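Q: I would like to learn how to read the features of a structural model, one at a time. Could we begin with a single residue and then widen the view?

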Amino acid sequence: MTPVDQPRIAIFPGSFDPITNGHVDIVRRGLRLFDRVIVGVLVNPGKEPHFTPDERVALIREVFADEPAVEAETFDGLLVDYAQRKRAAAIVRGLRAVSDFEYEMQMAHMNRHLAPSVETVFLIPDETNSFLSSRLVKEVFSLGGDVAAFVPPAVHRRLQHAREATKGGPRAGR
Ligand code: PNS
């Protein structure tokens, strides 16, 4: 059991490529239950990322610049090892819809098998964020769509920058 004077820490793991309003919603809900939420950005060379892990961490830190209880950093290896290194009581994941359920249950059971002391806590985002995913945001953005409603302003600015750069704007070639 965690002694009462120790902060309750949660790990919110994911790809966050990029962080969306849905992720922000889950972090803020997590802060109602935990003293600190550590957003763990998986370094996953297998996926074709839009942002590098360090860029994703920088964006998350910018989004939560006014929230000292939120930290962001990269991690690799097993999530439960990382959670235990950080002395986290729980792994937090967002559940948007029934379609998330099977994958999330598989991960939660595997993680419980690997580290029975680390709980998984599922949080439900606001219904306005229930259809959101980083994958869709990237797809819409890459096809020229407006994603301003789905991502924090810092992420939107960064995406716009990238778009201008690829159009040959003042930052082209960076
Ligand atoms: O945002 P995502 O891609 O759905 O997040 C998936 C993530 C990072 C939570 C999962 O891939 C993970 O935990 N990876 C770390 C490696 C690991 O521990 N794998 C076993 C999980 S059961």
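Q: Is alanine 108 buried or exposed?

A: The model shown here is a predicted one. To classify a residue, one compares its relative accessible area with a cut-off, and under 20% counts as buried. Alanine 108 has 15% relative accessibility, so it counts as buried. The residue lies in helix H4, which covers residues 98–114.

Q: Which residues does alanine 108 touch, leaving aside those up to four places away in sequence?

A: Contacts are read as heavy atoms within 4.5 Å. With that neighbourhood set aside, alanine 108 touches Thr120 and Phe122. Distance in sequence and distance in space can also be set side by side: alanine 108 and arginine 61 are 47 residues apart in sequence and 26 Å apart in space, C-alpha to C-alpha.

Q: What is the relative accessible area of isoleucine 11, and where does this residue lie?

A: Isoleucine 11 lies in strand E1. Its relative accessible area is 0%, and therefore isoleucine 11 is buried. Beyond four places in sequence, isoleucine 11 touches Ile38, Leu79, Tyr82, Ala83, Lys86, Ala88, Ala90, Ile91 and Val92. A separation of 19 residues along the chain lies between isoleucine 11 and glycine 30, whose C-alpha atoms are separated by 9.4 Å.

Q: Which residues of the largest nonpolar core touch the most other members?

A: A core is read from its members and from the elements that supply them. The largest nonpolar core holds 30 residues, and Ile19, Ile60 and Phe64 touch the most other members. At least two residues each come from strands E1 (9–14), E2 (36–42), E3 (70–75) and E4 (90–94), and from helices H1 (21–33), H2 (53–63), H5 (134–142) and H6 (153–166). Helix H2 gives the largest share of this core, 4 residues. Phenylalanine 64, again leaving out residues up to four places away in sequence, touches Ile19, Val24, Val27, Arg28 and Val70. A second, separate core has 12 residues, including Ile11, Phe75, Leu79 and Val118.

Q: Which residues other than glycine have a positive phi, and are they buried or exposed?

A: Phenylalanine 16, which is not a glycine, has a positive phi of about 50°. It is found in the loop between E1 and H1 and is buried, with a relative accessible area of 3%. Arginine 87 is another example, with phi near 55°. It is found in the loop between helix H3 (79–85) and E4, and its relative accessibility of 68% means that it counts as exposed.

Q: Which residues are joined by a cis peptide bond?

A: Here one reads omega. Aspartate 17 and proline 18 are joined by a cis peptide bond, with omega about 5°. Proline 18 lies in the loop between E1 and H1. Both residues are touched by serine 134, whose contacts beyond four places in sequence are Asp17, Pro18, Thr20 and His23. Serine 134 is found in helix H5 and counts as buried at 14% relative accessibility.

Q: How many positive and negative side chains does the protein have, and what does its surface consist of?

A: One reads the two counts and then the position of their centres. There are 22 positive and 23 negative side chains, and the centres of the two sets lie 3 Å apart. The protein exposes about 10200 Å², of which carbon and sulfur atoms supply 54%.

Key:
Residues are numbered from 1 along each chain as its sequence is written. This is a predicted model: local features need pLDDT of at least 70, side-chain atom pairs count only at pLDDT 80 or more; totals for chains, interfaces and linings use all residues. Side-chain values use heavy atoms; hydrogens and water are left out. A nonpolar core is a set of buried Ala, Val, Leu, Ile, Met, Phe, Trp, Tyr and Cys residues joined through side-chain atoms within 4.5 Å. Buried means under 20% relative accessible area, exposed over 50%, partly exposed in between (1.4 Å probe, protein chains only). Accessible areas come from the Shrake-Rupley method with a 1.4 Å probe; for residues, only the protein chains shown count as cover. Lys and Arg count as positive and Asp and Glu as negative; His and the chain ends are not counted. The place of a charge is taken as NZ of Lys, CZ of Arg, CG of Asp or CD of Glu.
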